[in-house]
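Open your viewer and keep the selection panel handy.

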Amino acid sequence: MARKSLIQREKKRQKLEQKYQLIRRSSKKEISKVPSLSEKWEIHGKLQSLPRNSAPIRLHRRCFSTGRPRANYRDFGLSGHILREMVQACLLPGATRSSW
């Protein structure tokens, strides 16, 4: 189980990303439309003045049940070992264990 402080930090990043999402998109579109380099630098400075944690690249996908940051499956939102346990317990419909 991940530390609760790390999970809370990730939730805070998600809220910040949602808050500044429109501002980031609009300023990036402005950069592509503006022909002069000096205006591009001004818009880029505005982008840099936004909080770092509001950037979508800083978000990290975590396991829904344990908060584990590695080996996550996007379809289920679970880490590998939790996914395996749930499949063995028949808690995920349509998922089967592989055997060879």
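The tour visits a pair of helices, then a glutamine, then the cysteines.

Before you click, note that this is a predicted model, in which local features need pLDDT of at least 70, side-chain atom pairs count only at pLDDT 80 or more, and totals for chains, interfaces and linings use all residues. Residues are numbered from 1 along each chain as its sequence is written, and side-chain values use heavy atoms, with hydrogens and water left out.

**Stop one: the helix pair**

Select residues 4-33, helix α1, together with residues 37-49, helix α2. Helices here are DSSP runs (H or I, at least four residues), numbered from the N terminus. The two pack at an angle of about 165°, and their axes are 9 Å apart. Axes are lines fitted to C-alpha atoms over the stretch in contact, with angles running from 0 to 180 degrees between N-to-C directions. α1 and α2 are therefore roughly antiparallel to each other (the word applies to angles over 145 degrees).

Now show side chains. On the α1 side, the contact (heavy atoms within 4.5 Å) is made by Arg24, Ser27, Lys28, Glu30 and Ile31. On the α2 side, pick Lys40, Ile43, His44 and Leu47. Colour them by type: three are nonpolar, two polar and four charged.

**Stop two: Gln14**

Stay on helix α1 and select Gln14. At 41% relative accessibility, Gln14 is partly exposed, the class between buried (under 20% relative accessible area) and exposed (over 50%), using a 1.4 Å probe and protein chains only.

**Stop three: the cysteines**

Which segment holds Cys90? Look after α3 (80-88) to find Cys90. Cys90 is exposed, at 66% relative accessible area, whereas Cys63 is buried, at 4%. The two lie 27 residues apart in sequence, and their C-alpha atoms are 19 Å apart.

How many disulfides does the structure hold? There are zero, where a disulfide is a pair of cysteine sulfur atoms within 2.5 Å. The sulfur of Cys63 is 19 Å from the closest cysteine sulfur, in Cys90, which is too far for a bond.

Key:
Parallel < 35°, antiparallel > 145°, perpendicular 65-115°, else oblique. Nonpolar A, V, L, I, M, F, W, Y, C, P; charged D, E, K, R; others polar.
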